[in-house]
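This report describes the strands of one structure and a patch on its surface. Please look at the sequence and the model first.

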Amino acid sequence: MSGYIGKYTNQDRDYVTNYARGVVENQWGEMTGEVVDVDYGAQTATVRPDYKRRLNGKPEQIPDLQEVPLRMPRAGGFVVTNPVKAGDKVTLRPQMRNSEAFHGGGDYEAPDARTSSLSDYEAFLDGGEPLSKPIPNFNTQNMEIRSEDGQFAIEMSEGGKFRIRGAQGNVYQLIADALRLIGSDTLAIAYGSSLGNDHALENRAEILAIADKLDGMSLDKE
């Protein structure tokens with residue numbers, strides 16, 4: 001025979017289980033979102049959460065989150081900034097307690113017991129794309145600060161070599177090539193050219209040494 005027999009149809013463990021499940025299901029955690037608009041002055045954004053909760057069995061879009069603080073890498077007197085655009089993905093992380101006092105310039109003293117609330121989310125610029133949209137042309141050898149497609153980048157190897165890929169090529173290589181052209185010239189640049197005379201370029205050895213150093217730091221010369 002299934003079920004319970006008697007006056008009560010539920011036992012204490014059922015109430016406890018349902019209560020615990022309700023607490024967990026109503027708790028907000030980290031999730032991804034999409035930038036709708038950015039206020040660069042306040043460094044906040046309007047963000048639309050990707051997650052859709054089910055109400056009466058149907059998915060429902062969570063309302064856009066307003067004035068969400070934008071978190072960028074910032075420490076030691078330095079900061080790495082990104083020109084955030086509408087449509088960019090971010091990672092939304094909730095604060096444990098009400099953070100209004102903190103963002104107002106005061107101490108982090110929560111005025112109430114608000115916990116992991118949608119009102120206390122912050123947007124971190126570490127992406128939020130699904131695995132179906134991986135980073136293209138991923139560099140498996142060196143660190144890069146790059147355009148998303150990888151065409152333009154500042155690249156550094158573990159051994160201290162660099163490459164700056166710009167619209168016109170590798171900056172290190174362009175500078176080294178320019179110095180070698182200067183070093184191969186026979187004009188005395190310090191004094192101008194003398195018609196009919198063949199002068200050796202002053203400081204030629206030093207100029208070529210600089211070109212060698214640039215080549216020594218260039219990833220293209222490995």
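## The barrel

A barrel is closed by 5 strands in the order β1-β2-β5-β9-β8, with mixed pairing. Strands are DSSP runs (E, at least two residues) numbered from the N terminus, and two of them pair if DSSP finds at least two bridges between them. On average, neighbouring strands of this sheet are turned by 50 degrees against each other, direction ignored; axes are lines fitted to C-alpha atoms.

β1 (residues 31–39) and β8 (residues 89–94) pair in the antiparallel sense over 4 bridges. Met31 stands opposite Leu92 in β8.

The model is predicted: local features need pLDDT of at least 70 and side-chain atom pairs pLDDT 80 or more, while totals for chains, interfaces and linings use all residues. Residues are numbered from 1 along each chain as its sequence is written, and side-chain values use heavy atoms, without hydrogens and water.

## The open sheet

An open sheet has 4 strands in the order β10-β11-β12-β13, paired antiparallel. β10 (143–146) and β13 (169–170) each have a single partner strand, so one side of each is left without a neighbour in the sheet.

Strand β12 (residues 162–166) pairs with β13 in the antiparallel sense over 2 bridges. Gly166 has Gly169 in β13 as its bridge partner.

## The nonpolar patch

Met143, Ile145, Ile154 and Met156 make a nonpolar surface patch of about 370 Å². Such patches join nonpolar side chains within 5 Å, from residues with over 30% relative accessible area and no salt bridge (a side-chain nitrogen of Lys or Arg within 4 Å of a carboxyl oxygen of Asp or Glu). Areas come from the Shrake-Rupley method with a 1.4 Å probe.

β10 and β11 (153–156) each supply at least two residues of the patch. Ile154, in strand β11, is partly exposed, with a relative accessible area of 44%; partly exposed lies between buried (under 20%) and exposed (over 50%).

Note on methods
Axes fitted to C-alpha atoms, helices over the stretch in contact; angles between N-to-C directions. Patch = residues over 30% accessible without salt bridge, like charges linked within 9 Å, V, L, I, M, F, W, Y side chains within 5 Å. Buried < 20%, exposed > 50% of the residue type's maximum accessible area, 1.4 Å probe, protein only.
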